Amino acid sequence: MFTAVEAEQLIFSLVVPVQAVETVDIAGDVAGCLGRILATPVTGELDFPHWDNSAMDGYAVRADDIQRVPATLHIVEEIPAGKRPQKTIGPGQAARILTGAMMPAGADTVVMQEESERQGAQVTILKSSDRQAFVRQQGSFYRAGSKLLENKRAIAPADIALLAAAQQTYVQVYRRPRVAILSTGSELVRPDQRLHPGQIVDSNQYALTALVAQTGAIPVPMGIVSDDRKAVSRAIASALMQADMVISSGGVSVGDYDYVDAVLAELGATLHIRAVAVKPGKPLTVATINSRERPQLYFGLPGNPASAMVGFWRFVAPAIAKLSGRAGPWSPAFVWAQAQAALKAGGQRETYLWGQLTANQAGYAFEPAGGSHSSGNLVNLANTNGLGIVPQGEQIAAGQPVRVLKIS
Ligand code: AMP
Ligand code: MG
């Protein structure tokens, strides 16, 4: 049986990132660009700032004219932001200038309004300033031709601002991977179907669809498959045809109706992992199958809702991060927090306890969810934003540090 870290490393070694790229338009579809993974670095063709401009409301002057103050200058022009200056500032002259406006030729310094006194077409500068004071110089933030954004990173709102300002509206991103989702189990019914005694509502399909969508990949929900070997085989084969990765839940334990592993073997898959020493979520199947141009990864998660979700957060989400073309690290974010209650590992397995992670002055606090941490309990799993990790065989007393997997 693999440890969580061993399983994660092995999974990363099996993921082949998507290569295909497509073009997105920042100006035309902001929502469609957000979170996409840049396939090529972006280089700007403009200097930032584009030209020398004023950082203040005040007067554009020649530094030489204000070495001795008070100095009275003649105002030759008014330059609001957006106007192209028409005059060259000569000795004894100044221009009224507003924040962001382009500097006029001849001037090299801005005196802020508060350090001047205006009388009609004249201004008296009361305080001398250094040459270049309050001038944002062309190219001082960024020179045309240098790299604006690294590739293999998700496009964030500030990146969109930058791309827009640089007039780089079309960018190359990786195609979003498609992830097929199957629920196996003859006991399962859809949430909108009538529940007969003994049946269970399929919640994993919806949880996994939401989780996949959160990673930025395209979820392809494929419905419920009954515990019938032929049906499972058909469903897996069809899922592999439609997606870059397949996730199923259920049917990977050692029960009489757990067919997933056998069917995968029959379809020619290589089974790399069948169990990981974590709780919940010990039965975890990881297989690859060469049914398309490159190996596709298959995750068989356990059916218990909490097990399926914990398995997703710990192993599947990082694999999708790599599949999407992102630069590493792909592992989940772990933080240290102060445990707000005693935490105990279950059996000889690394144990993931769900709960609330909150930021405080000292860093983070972790409060495990109340009620049963049974892997079937969905009710107290709601609102989870962190999984407290207790190493195998250990206990963490209240007030002690616990490592927490952060769920965004
Ligand atoms: P399995 O891993 O197939 O043995 O399923 C373990 C437990 O999880 C059983 O109690 C199932 O009824 C339950 N279960 C399996 N699949 C789902 C699902 N898609 N949604 C909710 N519960 C499920
Ligand atoms: Mg089952």
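**Close-up views of a predicted model**

**View 1. A loop with a cis proline.** P70 sits in the loop that runs between β4 (58–61) and β5 (71–79); helices (H or I, at least four residues) and strands (E, at least two) are DSSP runs, numbered from the N terminus. The peptide bond joining V69 and P70 is cis, with omega at about -5 degrees. Before you look further, please note that this is a predicted model, in which local features need pLDDT of at least 70, side-chain atom pairs count only at pLDDT 80 or more, and totals for chains, interfaces and linings use all residues. Residues are numbered from 1 along each chain as its sequence is written, chains are lettered from A and ligands numbered from 1 in the order in which they are written, and side-chain values use heavy atoms, with hydrogens and water left out.

**View 2. Another cis proline.** Here a cis peptide bond links K279 to P280, and omega is about -5 degrees. P280 belongs to the loop between β19 (278–279) and β20 (283–289).

**View 3. A positive phi.** F134, a residue other than glycine, has a positive phi near 55 degrees. You will find F134 in the loop between β9 (122–125) and β10 (135–136).

**View 4. Around ligand 1.** The shell here holds 17 residues, and the closest are E187, I200, D202, G251 and G303; a residue is near a molecule if one of its heavy atoms lies within 4 Å of it. By class, the shell has five nonpolar, ten polar and two charged residues (Ala, Val, Leu, Ile, Met, Phe, Trp, Tyr, Cys and Pro count as nonpolar, Asp, Glu, Lys and Arg as charged, and the others, Gly among them, as polar). A polar side-chain atom of E187 is 2.7 Å from an oxygen atom of ligand 1. A backbone N or O atom of G251 lies 2.9 Å from an oxygen atom of ligand 1, while for S203 a backbone N or O atom lies 3.0 Å from a nitrogen atom of the ligand.

**View 5. Helices α1 and α7.** The axes of α1 (residues 4–14) and α7 (residues 305–323) come within 10 Å and cross at roughly 25 degrees; axes are lines fitted to C-alpha atoms, for helices over the stretch in contact, and angles run from 0 to 180 degrees between N-to-C directions. α1 and α7 are therefore roughly parallel to each other (angles under 35 degrees count as roughly parallel).

Notes
A polar contact is a pair of N or O atoms within 3.5 Å; within protein, one must be able to donate a hydrogen and the other to accept it, and residues adjacent in sequence count only if both atoms are side-chain atoms. Angles under 35 degrees count as roughly parallel, over 145 as roughly antiparallel, 65 to 115 as roughly perpendicular and the rest as oblique.
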